[in-house]
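Here is a short report on one protein model. Look at the fold first, then follow the charged side chains.

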Amino acid sequence: MCRIDAEFGKYDLDEKADPSERFIQALDEYEVVGQLRSLLTNHFATTWQHVFSSANRLEEALDLARSQATTEGQAAAVISSGPLAERLRAQLLFVLIHKDVTGRTLETLDFAKDVAQTVFPHSPYKLFKKLKPDSQYGWFITALYGNEYFLHSAVFDDPALIAEGEWERVRVLWSCLPAWSHDEQQIPTELASIFSPDAKALISVASTQRHAGPPTPAAHQWLQRVRFLEAWVKSDAAAGRLRNPHESVFQKLYIEGESLRSDLEALRSGDSDEKDLYNSATNWLINLELQLKETLAVHMDLSNADESQVTDWASQLDKCVQVRTYQNPDPQAWDAAEEKAVSSILSRLTPEKTEAWIQGSVHSDVTATLQRRLDSFPTLSDQSSRKWWASDYSAIWKAKLEAEIHALGVKDALAVLSCRLFRLPSEAVSRELHPWWDSLLEKLIHDPEFPLALTPQWTVHAIGRLSDEVVLPYIDKSLGLLRSRLSNAAEPDLNNQLDALLSRLSHLDPRKALRHRLMLMRSSYVPFADESLSRFSSLHSDKAVSWYSPLSELARNFHAKKVNGTPYVDRQECEAAELEIYRSFALDLIDFCLSRLRLRKGEKKPEDERYADSQVTEQSAIWRQGYLKALLEVGLDPNGKAHKTLFFTRQFDPDESVRDVAKEAYRAVRRETNSRKSVQDFKRGLIAAEWWLLMSQRRALDLPIDPEGALKTRRNMMRNP
């Protein structure tokens, strides 16, 4: 049989008489150990009778603590027990009312502070929920954790508060904003009564920017609000809870901001001083929102961000810079304002985030450039990148842009590199960036994956940017490629490309440009003249081909170029030079026509037989007649080459009509061999030769010709060459 006092073996049957010993006895009997025992002993070992009023109430509090499994639960149970809960509520209220409690003994509040800071250092909201005090959460934090603790990351990272859900979390944290003082002198007396406390405080803090002196109490509290909001945004951004300025705290801020702006509307219709108050207050709100957006971007966690998220993040920074830049109404101050805004943000960014910002700028501008690739004068989008050009980070920007372009397909890379750099901030920057940018374009054509079909487009954009020595071979190559695509109506830019290429080639190598123009004329699937062989004019017809120029005009331009580049002694010398220029141009035309009448390379005429159409360079009998007529009209026989080719053609061409025209041309050339020609003779010869070529073009395309109209056109042109 067990002993009847077995259950009391660990207890002292007699209550200790000494108060301190009685306190320890209670702690032992209720098995209070560890951190809670130390806290209770430090705070109540000598004052427990005053605080708990009796041993029974002390034991009731300890009994509540014993029922909890964790130290946090035990500590909260003690504080929320009857005696302590009542005293804590009273002391919190006393502190709220009196603020200054110097010399006062608030043992229960001191105990609660110690519990909060040692047992609940990272979750003040959990203690708040357990104690359920009457005070607001913000005041609760200030009273138990100190005036500066509401800026601590633990307030925002509190797991218990996060578990409440975002809407409730925002509501609770917003309640922590400092309350307003009502002792304000910044608002005219007659207006003070119509404003809400929030609007009065806003006007007060905004007025501190216009008036010297310390801030008023309300202005100080607004500044405290700003510190709290910045800490909130910073913490949420770093933790990944906040990624854009359209959610969470920003949503609440915008709602409150609209309410404040509405309150301030009464000032807009007032006198100049009242309008100044309105402008100051609204500008202060704008700057606050901007400041918080910058804080969000500066502290946002990018460790796991994908490319689109980094681009969005960089865009947020760009928008902040833009607002800072254009706040100044003076355009002359924008560059300096932009530089200041960028420097301010960079001073707060890590090197990794600085590079991410530059990368975001590059990606944003490349994307924008590709979206408007069809612009007639493409320039590289610089909305985001321009700020890096003259900065210490230009080398990083260049490296990032090169990498971005390298990652594109060749077609997109060409679309970007074909753009010009525009609005460079200085000559020094221009000297640095232009050669580098042009070198990237030159490298692209040597890419093994560069498609041949893009060569004309590349060449058009290389003209004027790369040296003539580099570009000239590609102009020749491009014109050959485009000639084969003249029938493709799906290429609206083809004529523009031909125009640019031929214009430059006419400057670099006029003879080669003439050959290309004549070959393009032969290959075109659209006529250059109407039924009367009158050339289509760009002023009166949408059928005009922009790159086609009449032979007489080409000769005139060639002459003008020579005249402008050569100083002549007298008029006679100038006229002799003009005659030689027109003669040289006519010989180039003859050389081309003869080349089209000869057999193709490697082909041989059968003995005493006519060759086949497929053996001659120009396989169209109609065009062979046209070239023969052109030779007839010009009437030159350089070194006998013309009459030899004509004799061969009249003997062996497979087409009878061609042979007949060749006979006419042969006689005309032989007749004119020794004749002296004037400039006017050459001009008329070129006009007449082109008239036949235009006729051949329409005949070959099986298009009708009006003989009477054509004859009239010829005579009109010959009358005034």
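Start with Glu164. This residue is partly exposed, with a relative accessible area of 31%. The model is a predicted one. The side chain of Glu164 meets that of Lys129 in a salt bridge. Lys129 is also partly exposed, at 39% relative accessibility. The two residues sit 35 residues apart: Glu164 in the loop between helix H11 and helix H12, Lys129 in helix H8.

Now take Arg241 and Asp157, which form another salt bridge. Their link spans 84 residues, from the loop between helix H15 and helix H16 to helix H10. Arg241 is partly exposed at 26%, and Asp157 is partly exposed at 31%. Both belong to a network of salt bridges that also includes Glu166, Arg169 and Asp236.

Asp653 lies in the loop between helix H32 and helix H33 and Arg624 in helix H31, so the pair ties together parts 29 residues apart in sequence. Are these two residues buried or exposed? Both Asp653 and Arg624 are buried.

| Salt bridge | N to O distance |
|---|---|
| Glu164 and Lys129 | 3.5 Å |
| Arg241 and Asp157 | 2.6 Å |

Step back to the whole protein. The structure holds 32 salt bridges. There are 35 helices and zero strands. Of the 721 residues, 46% are buried. The protein exposes about 37,100 Å², and carbon and sulfur atoms supply 49% of that area. Among contacts with a separation of 6 or more, 68% join residues 24 or more positions apart.

Terms used:
Residues numbered from 1 in each chain as written. Predicted model: local features only at pLDDT ≥ 70, side-chain atom pairs only at ≥ 80, totals over all residues. Heavy atoms only, no water. Helix = DSSP H or I, 4+ residues; strand = E, 2+ residues; numbered from the N terminus. Buried < 20%, exposed > 50% of the residue type's maximum accessible area, 1.4 Å probe, protein only. Contact = heavy atoms within 4.5 Å. Areas by Shrake-Rupley, 256 points an atom, 1.4 Å probe, with all protein chains shown as cover. Salt bridge = Lys/Arg side-chain N within 4 Å of Asp/Glu carboxyl O.
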